[in-house]
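Thanks for making time this morning. I would like to walk through one model with you, beginning with the sheet, moving on to the helices, and ending with the charged pairs.

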Amino acid sequence: MTSEPILQYADAHCHLHDHRIVKDVPGIVQRAADAGVTHMVSCATMEENFEATATLARQYPAIVPCYGIHPWFLDALTPKWQQVLGDRVVAKSCGIGETGLDFMDKHADRDGQLAVFTWHLTLAQDLERPINIHIRKAWDPFIRLLKKTGPLKTPGLVHSFSGSAEMVKLLIRYNLYISFSGSVTRPGAKKVVNALKAVPGDRILLETDAPDIYPSVPDPDPHGLNEPKNLPAIARIAAARAGVPVVDFVGQAYANARAVFGPIIPAAGVI
């Protein structure tokens, strides 16, 4: 009789400070642990939630903090945002992000987004920290920026990947990992699945983007709020769609998370 292998997971991108779920973080952390999720990379999105993210990371060793300015929230920037972010990142063992480019809205401040994102990339390069990147409808400007900054010294990731399969090799060249969320579980997710199949096993990460992007599973939460405990369900579907045995797929994704985030996690909590 053989026993079932014990699978471990790391959620590469979520938002546990989110007002919709923050009061339930003790339960979320416990349910994640019960599901085999050992670490959750929780990304701040603006100065206003930096401290909430830091507090959660202090309270729960399983929570790995990242600090950044999301492209949706440029209007909330204070005049000293660079100093506020820089001082916090220098002083803490943490990642950078969520940051990036989002040109879905034709009225978006594209120049502003590019300036803010460029500053984050430079900070990540200078401090050699992992960076958690959001890109939507802005792939060409993103690639042009990468060509200027060069390959990342410390690997980063593009979260909830929505780009093409053809884009994958180019991103890997710049030392980026590709992270897949619940969007890969959707029945019509042909583009995402094609991209998933194009990513080498040693460059795949998994995430929930909690509390958003609830996966397409048989018994969804009636409240519709995602959480890290759902990562195994995402992994099972992603593995099946990639055509890889789930044990191999999950083990590789976990090893990849160690490669990206291990250096910023205190020794006692190493992935």
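Before anything else, please keep in mind that what you see here is a predicted model.

Let me start with the sheet, which is open and built from 8 strands in the order 1-2-3-4-5-6-7-8, with parallel pairing. The edges are taken by strand 1 and strand 8, and because each of these has a single partner strand, one side of each is left without a neighbour in the sheet. From one strand to the next, the twist averages 30°.

If we look at one pairing in detail, strand 2, which covers residues 37–43, and strand 3, which covers residues 63–67, are joined in the parallel sense over 4 bridges. Here cysteine 43 is found opposite cysteine 66 of strand 3.

Now to the helices that lie on this sheet. Helix 2 is placed across strand 2 and strand 3, and its direction runs at about 160° to strand 3. Helix 4, residues 110–127, also packs on the sheet, where it touches strand 4 and strand 5, and its direction makes about 150° with that of strand 4.

Helix 2 also packs with helix 3, at an angle of about 10° and with the two axes 12 Å apart, which makes helix 2 roughly parallel to helix 3. On the helix 2 side the contact involves Phe50, Glu51 and Ala54, and these meet Val84, Leu85 and Arg88 in helix 3.

What do glutamate 51 and arginine 88 form with each other? They form a salt bridge, in which the closest N and O atoms are 3.0 Å apart. Since glutamate 51 belongs to helix 2 (residues 50–59) and arginine 88 to helix 3 (residues 81–91), the pair ties together parts that are 37 residues apart in sequence. Glutamate 51, at 38% relative accessibility, counts as partly exposed, whereas arginine 88, at 18%, counts as buried, the cut-off for buried being under 20%.

That brings me to the salt bridges as a group, of which the count comes to 7. One of them lies between aspartate 102 and arginine 136, with an N to O distance of 3.0 Å. This one takes us back to the sheet, because aspartate 102 lies in strand 4 (residues 95–102) and arginine 136 in strand 5 (residues 131–136), so that the pair ties together parts that are 34 residues apart in sequence. Aspartate 102 is buried, with a relative accessible area of 4%, while arginine 136 is partly exposed, at 32%.

Finally, which parts of the chain does the pair of arginine 20 and aspartate 212 tie together? Their side chains meet in a salt bridge of 3.2 Å, N to O. Arginine 20 sits in the loop between strand 1 (9–14) and helix 1 (25–34), and aspartate 212 in the loop between strand 8 (204–206) and helix 8 (231–242), so the pair connects parts that are 192 residues apart in sequence. Both count as partly exposed, arginine 20 at 37% relative accessibility and aspartate 212 at 32%. This pair is also part of a network, in which salt bridges with shared partners join Asp18, Arg20 and Asp212.

Conventions. Residues numbered from 1 in each chain as written. Predicted model: local features only at pLDDT ≥ 70, side-chain atom pairs only at ≥ 80, totals over all residues. Heavy atoms only, no water. Salt bridge = Lys/Arg side-chain N within 4 Å of Asp/Glu carboxyl O. Helix = DSSP H or I, 4+ residues; strand = E, 2+ residues; numbered from the N terminus. Buried < 20%, exposed > 50% of the residue type's maximum accessible area, 1.4 Å probe, protein only. Axes fitted to C-alpha atoms, helices over the stretch in contact; angles between N-to-C directions. Parallel < 35°, antiparallel > 145°, perpendicular 65-115°, else oblique. Contact = heavy atoms within 4.5 Å. Pairing = 2+ DSSP bridges.
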